[in-house]
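Here is a short briefing to read beside the structure.

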Amino acid sequence: MNKTAADRARVSFHDARRTTDQPWRHWYWTARWRRIAQAQLRDHPLCAMCSTDERPVAATVCDHVVPHRGDEHLFWEGELQSLCKPCHDGTKQAQERRGYVTGVTLDGRPRDPRHPWNRPT
């Protein structure tokens, strides 16, 4: 799919605004981060969220397990996981917004103890 000049300009504007609002985003462009991310993907090449023994999926994104939200220590020293782009951009982002992981156990109870159903009344 070819992007039009207007599409590229819109994306560029959005990226510039995000960088202004979140100055820590420049850390992702450093050689240090690229080395860390490459090592993570080399050591753990499959998506941690969707890969199974029957269906391995290659990971393409190095993700912070705990969102760092600009905390420099968490950014550089926090736990990382390898994810495919759909899991990183969709599933993981939704979990972070929601605050819990969806899904249920065999008996129908939510898997994540942070799920609202598990909160004391």
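Is Gln40 buried or exposed? This is a predicted model. Gln40 has a relative accessible area of 12%, under the 20% cut-off, so Gln40 is buried.

**Gln40 and Gln81**
- Gln40 sits in helix H2, which covers residues 31-43.
- Beyond its neighbours within four places in sequence, Gln40 contacts Cys62, Leu80, Gln81 and Ser82.
- Gln81 belongs to strand S2, residues 80-83.
- Gln81 has 17% relative accessibility; the limit is under 20%, so Gln81 is buried too.
- Leaving out residues up to four places away in sequence, Gln81 touches Gln40, Ala48, Val61, Cys62, Asp63, Val65 and Lys92.
- Gln81 and Cys62 are 19 residues apart along the chain, yet their C-alpha atoms are separated by 5.9 Å.

**Nonpolar cores**
- The largest nonpolar core has eight residues. They are Trp24, Trp27, Trp33, Ala37, Cys62, Phe75, Trp76 and Leu80.
- H2 and helix H3 (72-77) are the elements that each give two or more residues to this core.
- A second, separate core has six residues, among them Cys47, Cys50, Val57 and Cys87.
- In soluble globular proteins, nonpolar side chains tend to be buried together.
- Cys62 and Leu80 are members of the largest core, and both are contacts of Gln40.

**Aromatic rings**
- There are seven aromatic pairs.
- In one of them, Phe75 and Trp76, the ring centres lie 4.7 Å apart. The planes meet at 80°, over the 60-degree limit, so this pair is edge-to-face.
- Phe75 and Trp76 are both buried.
- One aromatic cluster is formed by Trp24, Trp27, Tyr28, Trp33, Phe75 and Trp76.
- Phe75 touches Trp27, Tyr28, Trp33, His64 and His68, not counting residues up to four places away in sequence.

**Second largest pocket**
- The second largest pocket holds about 160 Å³ of space.
- Its lining is made of Val65, Gln81, Lys92, Gln95, Glu96, Gly99, Tyr100, Val101 and Arg114.
- Which helix gives the most to the lining of this pocket? Helix H4 (residues 85-98) does, with three residues.
- By class, the lining has three nonpolar, three polar and three charged residues.
- Gln81 is part of this lining, along with Val65 and Lys92. Val65 and Lys92 are also contacts of Gln81.

Definitions and conventions. Residues are numbered from 1 along each chain as its sequence is written. This is a predicted model: local features need pLDDT of at least 70, side-chain atom pairs count only at pLDDT 80 or more; totals for chains, interfaces and linings use all residues. Side-chain values use heavy atoms; hydrogens and water are left out. Helices (H or I, at least four residues) and strands (E, at least two) are DSSP runs, numbered from the N terminus. Buried means under 20% relative accessible area, exposed over 50%, partly exposed in between (1.4 Å probe, protein chains only). Contact means heavy atoms within 4.5 Å. A nonpolar core is a set of buried Ala, Val, Leu, Ile, Met, Phe, Trp, Tyr and Cys residues joined through side-chain atoms within 4.5 Å. On a 1 Å grid over the protein atoms alone, a cavity is a set of points where a 1.4 Å probe fits but cannot get out, and a pocket is an open set with protein on both sides within 12 Å along at least five of seven lines; lining residues have an atom within 4 Å of a point. Grid points are joined across faces, edges and corners, and a volume is the space filled by probe spheres set on the points. Ala, Val, Leu, Ile, Met, Phe, Trp, Tyr, Cys and Pro count as nonpolar, Asp, Glu, Lys and Arg as charged, and the others, Gly among them, as polar. Rings of Phe, Tyr and Trp (its six-membered ring) pair if their centres lie within 6.5 Å; planes under 30 degrees apart count as stacked, over 60 as edge-to-face and the rest as tilted.
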